[in-house]
Structure formats: structure tokens, C-alpha cells
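Please look over the sequence and the model shown below. The report after them is written for a reader new to protein structure.

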Amino acid sequence: MLDANRLRVLVEVARAGSITAAAERLSFTPPALSQQLAKLERELGCVLLERGRTGVRLTEAGRVLVDHGERVLGELRDAERAVRATLGQHPPTLALGAFASAGKTLLPGALADFRRAHPHVRLALSDVEPPDGYGLVTSGDLDLLITHRYPGTELPPAPGLHREPLLTDPLLLVLPDGHPATERSRITLADLAEEEWICGAPGIHNRIALETAAAAAGVDVTVTYETRDYEVTLALIRAGVGVGLVPATILRSHVEKDWNAHRLHGTDLARQIFLVHRPRLHSPVSAMVATLREAARTALD
């Protein structure tokens, strides 16, 4: 039978991308971690990692074992939690992972409401940018993940996990005060073909969404200022140096409104926000899911 601790080592190395980084996370020395991996490879009779100067890469066998290892670790954590709850040894815990703008908009009020209703539950929050985080839920490192999908991108596979839509968050065109396009009753991407856009770098979700919409409209857009931070985007728009697409929940969180927000005509751009968790929910998770659903229901009011 495979050793669960060695499975954990392999999972951590896969997440960290190097033996040195994983050793630091686990408070091991790199040689000790390498020995554990070598023993695991001898037990299975195959190579699990390809080692290079810049880190490690999983072989096909390694990827299969990591997928199973994350599920095994999750079951072991569930077993420990159940026994400790029976013995009354530890208060319930709840670990959440969320992308940055959800941490600014959806979570503060939801966490405050949850703590008032469940003061005995210990909460932990981690920044997890999509598409990461699914393996952390599978292994039980996270109880609940808040993630998203932008237009033009695909959701990662989620075998053995439950993923539910939480909120459709429109992407609105934001223009500086006094921009000539604000006089139009309807604004299309074609109307903005000469504009300088503020958006993420190539491959970033909001850049993919903008380029997907532009391709569908048959126009080219020029991204002059690259940032994935919506606060920077809004600051640049206020300064009058460009235009951008910003989620409605971000705009709603700002008291000042020294810009103009519009829906783009001819397209229905929105990011989809999801909750991801394991199928069997212990009580703190189910309560948090209900709290987040209520927060999402009023997020765009």
C-alpha cells in the first residue's frame, strides 16, 4: 500500500513546481524530500517527476498519481475532522480560497455575517487566482473555492467536485468623464476602435474577453496600458488616458463615480462566478455557501 505521507510530498512538489519550494512549505530539507520521492518511485517502479534546471515536471504517471493523491488526502482530512468532532477536541474550521476582486466585493460582508451567526467557527482565507484552486479543494486544503470564468476562457475539469454558479457579473465599458462616446445612446466596440484600452497582459482573463468580443465584432483593439488590477484600471480611466472593461461588482464598491459606465451594445459580456466544494459538506461549509448565495443575490443591487 502506498504511503500517504509520500503522496502528500508528491502533491506538494507538483503544486510548488520544485523540490526546494515544496521542502520549504513542508519544513523539510530538499534532500529529505528527494529521498521520499525516490522511495515512492521505487515502490511503483516508474518515474513520477522529470527534474530540470528550472524545476520539476510531472510525467504521465505522476499526473495520474497526483490526481488520486489529492482525493486520498481529502478523505484522510475528512476522517480526522469527523473523529475530532466526535471527541469534541477542536472547534470547526473553514478554509476559503477566492480571487482578489471577490475578496474586495463579495467576501467582506459575507464573512462578517457568517462570523456573527457562527462565532465558534475558525475562518481562514487565501488568495487563489483562477484557474488554480481545484486541487486544493480535492485534497481538503480548502473547504470552499470562489472562482470565475471570463468570456473566451474554459472552466477547468472538476472531477469529484461540485461546482455551482453563484453570480453573473456584467463587464461594463468604463469611460472618463467628458468622453465623446458618452453622448451616444448606444456604444459598440466599433465606435471605440481608435481608443487606447486598459487591460491585462496577453493570456490574462479580461484580455481574452476583450479580444474575443473584438474578434466577434470584426474590429481590432489596441491595449496600450497593461494591468490586471482593476483599481489601477479605474485610476487610469479617471486620469483620462484610456478606456476599459470593469466588472459591475467592482464599480458598485466605489463611492465616487467620476467615470461613466455603459453596457456595450451588441455583446453580452460578463464573468461567471462559481463556488466549488466537495460533494459531502460539513455544516460550516453548507452555512457559508448559503451566506455567499445571499451576498450574491444583492451584489448588483
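This is a predicted model: local features need pLDDT of at least 70, side-chain atom pairs count only at pLDDT 80 or more; totals for chains, interfaces and linings use all residues.

Residues are numbered from 1 along each chain as its sequence is written, and side-chain values use heavy atoms, with hydrogens and water left out.

**The whole protein**

The protein has 11 helices and 11 strands. Helices (H or I, at least four residues) and strands (E, at least two) are DSSP runs, numbered from the N terminus. Along the principal axes, the C-alpha atoms fill a box of roughly 70 × 50 × 30 Å. Of the 301 residues, 44% count as buried; buried means under 20% relative accessible area, exposed over 50%, and partly exposed in between (1.4 Å probe, protein chains only). A contact means heavy atoms within 4.5 Å. Among contacts with a separation of 6 or more, 73% are between residues 24 or more positions apart.

UniProt, in an unreviewed entry, places the feature "domain: HTH lysR-type" at residues 2–59. UniProt positions are given in the numbering used here, feature names are shortened, and annotations may be inferred rather than shown by experiment. Over residues 2–59 the chain is 62% helix and 14% strand, and the end C-alpha atoms are 18 Å apart.

**Two helix pairs**

The table lists two pairs of packed helices. Axes are lines fitted to C-alpha atoms, for helices over the stretch in contact, and angles run from 0 to 180 degrees between N-to-C directions.

| Helix pair | Angle | Axis distance |
|---|---|---|
| α1 (residues 4–16) and α3 (residues 30–44) | about 115° | 9 Å |
| α6 (residues 107–117) and α11 (residues 283–297) | roughly 135° | within 9 Å |

Angles under 35 degrees count as roughly parallel, over 145 as roughly antiparallel, 65 to 115 as roughly perpendicular and the rest as oblique. Helices α1 and α3 are therefore roughly perpendicular to each other. Their contact is made by R6, V9, L10 and V13 of α1 and by L33, Q36, L37, K39, L40 and E43 of α3. By class, this contact has six nonpolar, one polar and three charged residues. Here Ala, Val, Leu, Ile, Met, Phe, Trp, Tyr, Cys and Pro count as nonpolar, Asp, Glu, Lys and Arg as charged, and the others, Gly among them, as polar.

Helices α6 and α11 are oblique to each other. The residues in contact are L107, A110, L111, D113 and F114 of α6, and P284, A287, M288, T291, L292 and A295 of α11. They divide into nine nonpolar, one polar and one charged.

**Single residues**

S27 lies in the loop between α2 (19–26) and α3. S27 has a positive phi of about 60° although it is not a glycine, and S27 is exposed, with a relative accessible area of 69%.

P131 is in the loop between β4 (122–127) and α7. A cis peptide bond joins P130 and P131, with omega about 10°.

Is S139 buried or exposed? S139 is buried, with a relative accessible area of 0%. S139 sits in the loop between α7 (134–138) and β5 (144–149). Leaving aside neighbours within four places in sequence, S139 is in contact with R15, E70, L73, G74 and R77.

T212 belongs to helix α8 (residues 205–217) and is partly exposed, with a relative accessible area of 35%. Not counting residues up to four places away in sequence, T212 touches P151 and G152.
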